[in-house]
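Reader: I want to learn how to read a structure like this one. Take me through its features one at a time.
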Amino acid sequence: MLISNKQIAIVGGGPGGLTLAQLLQLKGANVKVYERDLNKDARVQGSPLDMHEESGMVALRKANLVAEFEKNVRVGADKKIIVNEHAEIIFSDHSNNPAEDLANAPIRPEIDRGMLRKVFLQSLQPETVVGTVILFR
Ligand SMILES: Cc1cc2nc3c(=O)[nH]c(=O)nc-3n(C[C@H](O)[C@H](O)[C@H](O)COP(=O)(O)OP(=O)(O)OC[C@H]3O[C@@H](n4cnc5c(N)ncnc54)[C@H](O)[C@@H]3O)c2cc1C
């Protein structure tokens, strides 16, 4: 196989690099991810990501991470309320029941980027992600 007996280097431990690393490890590849952040808490990761059915969710399914993802989803974060100039609601897709669940609601469930990174780091083999001088933990 193309990936056997090779060491694969991925530059960048964002969602793209970590997904690729996970998919390659599931195929038995020898992978290292080189990330410039000194550790997973080095900076705020930015706005939440919404997962589209045809892209992000496909990748999570292939990476066997849907269950872990669902545990950490921000339920309801994809909901919208639109009000007019009098603050009257003209559109809302909030349900009356806040105890919604993934089966009923979000078509594009949202997750914090830091949490998504954590989900990947927990599933990757230890010491997969390395920095320039210290191991990424
Ligand atoms: C405001 C905003 C909102 C978004 N919302 C969504 C959304 O809701 N849903 C969605 O699917 N997408 C969304 N996106 C797009 C999404 O953020 C990107 O598609 C995704 O982050 C790309 O992942 P990546 O791993 O390729 O790159 P990045 O997320 O940019 O990660 C790159 C990583 O590489 C590291 N790095 C960079 N240079 C080096 C180097 N030289 N050496 C070592 N490490 C390096 C960085 O520290 C970083 O960790 C949004 C983007 C923005 C800007």
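Reader: Which residue follows H1 with a positive phi?

Author: First, the terms. Helices are DSSP runs of H or I with at least four residues, strands are runs of E with at least two, and both are numbered from the N terminus. Here H1 is followed by Gly-28, and the phi of Gly-28 is positive, near 90°.

Reader: What should I keep in mind about the model and its numbering?

Author: This is a predicted model, in which local features need pLDDT of at least 70, side-chain atom pairs count only at pLDDT 80 or more, and totals for chains, interfaces and linings use all residues. Residues are numbered from 1 along each chain as its sequence is written.

Reader: How many helices and strands does the protein have, and in what order do they run?

Author: There are four helices and seven strands. Starting at the N terminus, the order is β-α-β-β-α-α-β-β-β-α-β.

Reader: How is burial read, and what share of the protein is buried?

Author: Count neighbours. A residue is buried if 20 or more other C-beta atoms lie within 10 Å of its own, exposed if 12 or fewer, and partly exposed in between; C-beta atoms are placed from the backbone. By that count, 15% of the 137 residues are buried.

Reader: Which residues of H1 are buried?

Author: Leu-18, Ala-21 and Gln-22. In H1 the buried residues fall within an arc of 95°, so they line one face of the helix.

Reader: What covers the buried residues of H1?

Author: Think in contacts: two residues are in contact if their C-beta atoms, placed from the backbone, lie within 7 Å. The cover over H1 includes strand S1 (7-11), strand S2 (30-34) and helix H4 (113-123).

Reader: What does H1 span from its first C-alpha to its last?

Author: The expected span of a helix is 1.5 Å times one less than its number of residues. H1 has twelve residues and reaches 16 Å, close to the 16 Å expected.

Reader: Which residues of H4 are buried, and where do they pack?

Author: Leu-116, Arg-117, Val-119 and Phe-120 are buried in H4. They cover an arc of only 155° around the axis, which puts them on the same side of H4. The buried residues of H4 pack against H1, S3, H3 and strand S6 (110-111).

Reader: What is the strand order in the open sheet of three strands?

Author: Two strands pair if DSSP finds at least two bridges between them. The order is S1-S2-S7, with parallel pairing. S1 and strand S7 (129-130) stand at the edges, each with a single partner strand, so one side of each is left without a neighbour in the sheet.

Reader: How many bridges join S1 to S2, and how many join S2 to S7?

Author: Five bridges join S1 to S2. S2 and S7 pair over two bridges. Val-33 in S2 is the bridge partner of Ile-10, and Val-33 also stands opposite Val-129 in S7.

Reader: How many residues of S1 are buried?

Author: Zero of its five residues are buried, so S1 lies largely in the open.

Reader: In which sense do S4 and S5 pair?

Author: Antiparallel, over three bridges; S5 covers residues 89-92. The bridge partner of Ile-81 is Ser-92 in S5. S4 and S5 form a hairpin with five residues between them, and Ala-87 in the turn has a positive phi of about 65°.

Reader: Where is Val-73 found, and is Val-73 buried or exposed?

Author: Val-73 is found in the loop between H3 and S4. With 20 other C-beta atoms within 10 Å, Val-73 is buried. Val-73 and Pro-48 are 25 residues apart in sequence and 9.9 Å apart, C-alpha to C-alpha.

Reader: Where is Asp-78?

Author: Asp-78 is in the loop between helix H3 (66-71) and strand S4 (81-83). Asp-78 is partly exposed, with 17 other C-beta atoms within 10 Å. The C-alpha atoms of Asp-78 and Arg-108 are separated by 6.8 Å, although 30 residues lie along the chain from one to the other.

Reader: Which residues come nearest to the ligand?

Author: A residue is near a molecule if its C-beta atom, placed from the backbone, lies within 6 Å of it. Of the 15 residues around the ligand, Gly-12, Gly-14, Gly-16, Arg-36 and Asp-50 come nearest. The elements that give two or more residues to this shell are helix H1 (15-26) and strand S3 (49-50). H1 gives the most, with three residues.

Terms used
The arc is that of the directions from the helix axis to the C-beta atoms.
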